[in-house]
Amino acid sequence: MDEVDRIVAAWRHERPDLDVSPMEILSRVSRLARQLDLARKSSFSDYGIEGWAFDVLSALRRSGEPYQLSPSTLLQETLVTSGTMTNRIDRLVTAGWVERRPDPGDRRGVLVRLTAGGRATVDSALADLLVKEREILGDLTPAGRRKLAALLRQLSTGFDADEG
């Protein structure tokens, strides 16, 4: 038994009229999310970045050579407002992790490009985070990981469509 089992058992005892079975899954997802958040903070603090910075740097890194995207594409990748993105880009420019460049396809547009320092930072932070994520999943077999990934994909597909 884990803590969630104890909580669910207590609710079943106190409120037998309610179906508390969603708690068996979602309370565990919530607890895992907290563990992941702690792992992210730990990994990122070692490299002087915050989660939002990792998200932007990661979007640029995943885009492939030359590691640049328009601010509007970054908005779509990170699901923030344009004002928030402008502020984030400004802060990343100041840190030396990205640079703004003119968009050759749009005279008025700019592209945000990952610098060598930004690439090194996001690559190192990602490698560190993946070690911690493997630790979180350590009690699962490879087959268990695949099964859990498939179930979570099935559950989250509708949310992803709503956000898109």
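Leu137 counts as partly exposed because its relative accessibility is 33%, where buried means under 20% relative accessible area, exposed means over 50% and partly exposed lies in between, with a 1.4 Å probe and protein chains only. The model is predicted, so local features need pLDDT of at least 70 and side-chain atom pairs count only at pLDDT 80 or more, while totals for chains, interfaces and linings use all residues. Residues are numbered from 1 along each chain as its sequence is written, and side-chain values use heavy atoms, with hydrogens and water left out.

**Nonpolar surface patch**

- Leu137 lies in the loop between α6 (116-136) and α7; helices are DSSP runs of H or I with at least four residues, strands are runs of E with at least two, and both are numbered from the N terminus.
- A nonpolar surface patch of about 1000 Å² is made by Ile25, Leu26, Val29, Leu32, Leu36, Ile136, Leu137, Leu140, Leu148, Leu152, Leu155 and Phe159.
- Patches are made of residues with over 30% relative accessible area and no salt bridge, and nonpolar side chains (Val, Leu, Ile, Met, Phe, Trp, Tyr) are joined within 5 Å, like charges within 9 Å.
- A salt bridge is a side-chain nitrogen of Lys or Arg within 4 Å of a carboxyl oxygen of Asp or Glu, and accessible areas come from the Shrake-Rupley method with a 1.4 Å probe, where for residues only the protein chains shown count as cover.

**Backbone sites in loops**

- Glu65 and Pro66 are joined by a cis peptide bond with omega of about 5 degrees, and Pro66 is placed in the loop between α3 (51-62) and β1 (68-69).
- Tyr67, found in the loop between α3 and β1, has a positive phi near 60 degrees although it is a residue other than glycine, and Tyr67 is buried, with a relative accessible area of 9%.
- Leu79, which is not a glycine, has a positive phi of about 55 degrees; Leu79 lies in the loop between α4 (71-78) and α5 (82-95) and is exposed, with a relative accessible area of 54%.

**Aromatic pair**

- A search of the whole structure finds 1 aromatic pair, and the rings of Phe44 and Phe54 count as stacked because their centres are 4.4 Å apart and their planes are at 20 degrees.
- The pair links distant parts of the chain, with Phe44 in helix α2 and Phe54 in helix α3, 10 residues apart, and both Phe44 and Phe54 are buried.
- Rings of Phe, Tyr and Trp (its six-membered ring) pair if their centres lie within 6.5 Å, and planes under 30 degrees apart count as stacked, over 60 as edge-to-face and the rest as tilted.
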